[in-house]
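Please find below some short notes on the packing of this chain. They are meant to be read beside the coordinates.

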Amino acid sequence: MLPQKRPPISRPIAAIRLDGGRLCLDFVNTIHDHYAEQVEDYIFQPERFIDWCMRSGAILPGEPIAAPEGASRRAALMRKVRALRHHLHALLASRIDGVTPPEDAVQCIDQWLHRAWASQSLGLDGQMHWRDDAYHALLPLQRIALDALALIGDPSALQLRRCANTSSCGWLFLDTSKNQRRRWCAMETCGTAFKMRRYRQPHT
Ligand SMILES: [Zn+2]
């Protein structure tokens, strides 16, 4: 008999930490622990994804974007959310590790960038604007891809880090600290846990 799957944990969207320092990093950090066998996905259903987008700024106040209706459209959205997050994580992790990114990750981001550009038009004000028909649940994913592009093409990409908690975190963040020695996604979570473990170890 297969082991029973645990129901997903529904921590409140308002309680989800945004410690990445950028939208695209907070998006890949919607997996609570990248090393867990059974991951806690903060945005496992369309309503939670939309709520998280509003909290993180992937959807701006007043934008008419809601979770889709209908089982197949909802499932399709979540497949796209998971795929972009997976590939974006692979792409950013490759930057941190100094290795060539996986080809399928680059292709995935590339496709989202093309969608994002095709969804915008140049306005009379000289700025790019989302077209009226772009306001649906896929817009935030396009915005996240654009943010990732802006990051990897920017000198601040050198500040990309992975949380030093390699047993139960794996979050990515930008180290904007003065001395460039930030190790943890957040001191009050992973940093404190590390200090507690070290404190409990017998002193020799
Ligand atoms: Zn961490």
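**Notes on helix packing**

1. The model is predicted. In helix α2 (residues 46-56), the buried residues are R48, F49, I50, W52, C53 and S56. They pack against α1 (23-28), α3 (71-97) and α5 (139-152). Just after α2 comes G57, with a positive phi of about 95 degrees.

2. Helix α5 has 14 residues and spans 20 Å from its first C-alpha to its last, close to the 20 Å expected at 1.5 Å a residue. The helix is mostly covered, with 10 of its 14 residues buried.

3. The largest nonpolar core holds 40 residues, and C24, L88 and I144 have the most contacts inside it. Two or more residues come from each of α1, α2, α3, α4, α5 and β4 (172-174). In soluble globular proteins, nonpolar side chains tend to be buried together.

4. Which residues does L88 touch, leaving aside its neighbours within four places in sequence? The contacts of L88 are C24, F27, V28, I109 and A148.

5. A118 belongs to helix α4 (residues 103-118). A118 counts as exposed because it has 11 C-beta neighbours inside 10 Å, and the cut-off for exposed is 12 or fewer. A118 and R131 lie 13 residues apart in sequence, with 9.0 Å between their C-alpha atoms.

Methods. Residues are numbered from 1 along each chain as its sequence is written. This is a predicted model: local features need pLDDT of at least 70, side-chain atom pairs count only at pLDDT 80 or more; totals for chains, interfaces and linings use all residues. Helices (H or I, at least four residues) and strands (E, at least two) are DSSP runs, numbered from the N terminus. A residue is buried if 20 or more other C-beta atoms lie within 10 Å of its own, exposed if 12 or fewer, and partly exposed in between; C-beta atoms are placed from the backbone. Two residues are in contact if their C-beta atoms, placed from the backbone, lie within 7 Å. A nonpolar core is a set of buried Ala, Val, Leu, Ile, Met, Phe, Trp, Tyr and Cys residues joined through C-beta atoms within 7 Å. The expected span of a helix is 1.5 Å times one less than its number of residues.
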